Amino acid sequence: MNAKERWQRLLSPERSGAPSQSRGIERTAFQQDYDRIVFTSAFRRLKDKTQVFPLSQSDYVRTRLTHSLEASCVGRSLGALVGREIIARHDLENVESADFGAIVAAACLAHDIGNPPFGHAGEDAIREWFKNSGLLEQYPLTNAQRADFERYEGNAQGFRVLTRLQSPANPGLQLTNAVLATFSKYPRASWLAGDNNNHADAGKFGFFQDDAATFAEVANATGLHPAATGGESWQRHPLAWLMEVADDVCYLIVDLEDAARLGFVPSGEAEELLAALAGNHAGEEKIARMSEAKERIEYLRAKAIGNLLGIAATVFLDNEQDVLAGNFSGGLFAASSAAAVLEAVRKVADERIYVTRPALEIEIAGFEVIGGLFSLFIAAVEAGANGTASTREHMLLRLLPAQFLGSDRTPDPDPYRRFLKVADFIAGMTDSYAVNMYRKLKGIDLPER
C-alpha cells in the first residue's frame, strides 16, 4: 500500500457501529463529529473538572472545558497546515485540508472527556483504591482485566464514553473511525502477553478489555499497523501526533499564563519564556507599547502558539515516512529548536505550578473523596450481587443509575463489568458533584429538604 492509499484509509469517514453515509454539503462527517461531542453531557461536565487550579474561586483560570476548546482550535489550525501539504504531496482525492483540521479538532475536543474528578490525581486515586482493596484477587480475572483497574486510565475511559456510555442505546456517539483513531493516543491494551509491562509507556493504554473488540474494529477500518509488542496494540494514527502537540502546547503555555495571572510565577519570568517560544514572531515594538503585564503575556502566548505550530508541522512533514511506518518516536518537539525552552517551561510547571498549595490540598482531598465513593458503592454492588445487601446498601444501589447496573437494576453478575460500571459512574462526576455526594453519604452535610 503506497502513501496515497494509506492516507485515504487513515482518513476513513465511516462511522463506528453505523451504516455509511454520503458526504454532507453543509457539514462533513468530521465536522459532524465535532458537533456531536459539543452537545454531550460528558463534554459539558468538563466545566467543573480539574485542570491545574481545581475548584478555584477565581473566574479567570481554565477548566478542562476551556482547555479542550483551546486545544481544538490549535489542533484545527495544525491539522489544516499539515493537511494542505499531505494532499499536494500525494494527490489525495475527495479530501481537503479542512478535513485534516476537523479530524484533529474533534479528537482534541474529546481528549479529556474521560478524565475522572480531580484530574490526574483522580486517576491515581482509582488505581490506588483497587491496588489496596484486595478485591481483584477474589475473582478469576485475566491479567488485562486486573490491569484495567490497577493502571486505570482516563484515555481508556474517554474511548468508552465516546463509543458506549454517551447515548448507550446507539451505542455511543458513532463517530468516524478517523476521529476515534486520532483520539486514541495510546492504542494498546493495559496488559500485553510477551511484553514486560514495566516500561515507561506500559502504564498508558487506550481501551479497557470490555471495549477491545470495538477498538480493533476502528484500527482495522483505518489500517493502523500492529505494534511490535504484539497482542492488542497498534501504532498510532499519524494525526494523533498532532492532537498530542495541540494538547501539550495548550497546557504548557496556558498553564504558565494562568500561573502568572494568579501570582505563582513572576510576570517577567513568564514573559521571557513566552518570548523565547515566540521567537522572531514576537514584535518588540508592539510589546513596548503595552503597559500591562496581562496584555503582554496574552500577546506573547498567542505568538508562541503560532510559532510552535509551524515548528510541529515542519517536523511532522519532514518525518512523514517514519510516522506512517510507525518508526517515529519521542514527540514532534523533541528534536526541534523549541525543545530547550519547552523543557524550561516544563521545569517551571513541575516545580512551581503543579505543586502549589491549593492544587496539592484539593488533590489530596480528591483521594479521600474518590476512595470513599468507591468503598461505598463497590461494597453495595458486591453485597447486591451476593444477595447480602443491608438496608443501607440497598439505598446506595438505588442511587446508581440503571445504566451502571445489570438487568432489572441488579448488579452485573460479571465482577469485571460490575467494577467497571461503578468506575463509569464515579469517573463521570464533576469535582463538585463528587465532593457533594461524598459529604452527604458520609453525613458531613445533610441534603436540603
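In this predicted model, the side chain of serine 190 makes a polar contact with the side chain of aspartate 148, at 2.7 Å. Serine 190 belongs to the loop between H9 and H10.

**Serine 190**
- Besides aspartate 148, the side chain of serine 190 reaches the backbone oxygen of alanine 144, at 3.0 Å.
- Serine 190 has a relative accessibility of 0% and therefore counts as buried, the limit being under 20%.

**Helix H8**
- Of the 12 residues of H8, 11 are buried, so the helix is largely enclosed by the rest of the structure.
- The buried residues include Gly154, Asn155, Phe159, Arg160 and Leu165.
- The cover over these buried residues includes helix H3 (41-44), helix H5 (97-110) and H6, and it also includes helix H9 (177-183), helix H10 (212-222) and helix H19 (415-427).
- The end C-alpha atoms of H8 are only 14 Å apart, whereas a straight helix of 12 residues would span 16 Å at 1.5 Å a residue.
- H8 is followed by serine 167, which has a positive phi near 50°.

- Although glutamine 174 is not a glycine, its phi is positive, near 50°.
- The relative accessible area of glutamine 174 is 16%, so this residue is buried.

**Loop between H4 and H5**
- Asparagine 94 is placed in the loop between H4 and H5.
- Its phi is near 55°, a positive value in a residue other than glycine.
- Asparagine 94 counts as exposed because its relative accessibility is 75%, and exposed means over 50%.

**The second largest pocket**
- The second largest pocket holds about 580 Å³ of space.
- Its lining consists of 28 residues, and those nearest the centre are Arg64, Asn115, His120, Asp247 and Tyr251.
- At least two lining residues are supplied by each of helix H4 (64-90), helix H6 (119-133), helix H8 (154-165), helix H11 (238-262) and helix H17 (357-386).
- H11 provides the largest share of this lining, with 6 residues.
- Sorted by class, the lining comprises 11 charged, 9 polar and 8 nonpolar residues.

Methods
Residues are numbered from 1 along each chain as its sequence is written. This is a predicted model: local features need pLDDT of at least 70, side-chain atom pairs count only at pLDDT 80 or more; totals for chains, interfaces and linings use all residues. Side-chain values use heavy atoms; hydrogens and water are left out. On a 1 Å grid over the protein atoms alone, a cavity is a set of points where a 1.4 Å probe fits but cannot get out, and a pocket is an open set with protein on both sides within 12 Å along at least five of seven lines; lining residues have an atom within 4 Å of a point. Grid points are joined across faces, edges and corners, and a volume is the space filled by probe spheres set on the points. Helices (H or I, at least four residues) and strands (E, at least two) are DSSP runs, numbered from the N terminus. Ala, Val, Leu, Ile, Met, Phe, Trp, Tyr, Cys and Pro count as nonpolar, Asp, Glu, Lys and Arg as charged, and the others, Gly among them, as polar. The expected span of a helix is 1.5 Å times one less than its number of residues. Buried means under 20% relative accessible area, exposed over 50%, partly exposed in between (1.4 Å probe, protein chains only). Contact means heavy atoms within 4.5 Å. A polar contact is a pair of N or O atoms within 3.5 Å; within protein, one must be able to donate a hydrogen and the other to accept it, and residues adjacent in sequence count only if both atoms are side-chain atoms.
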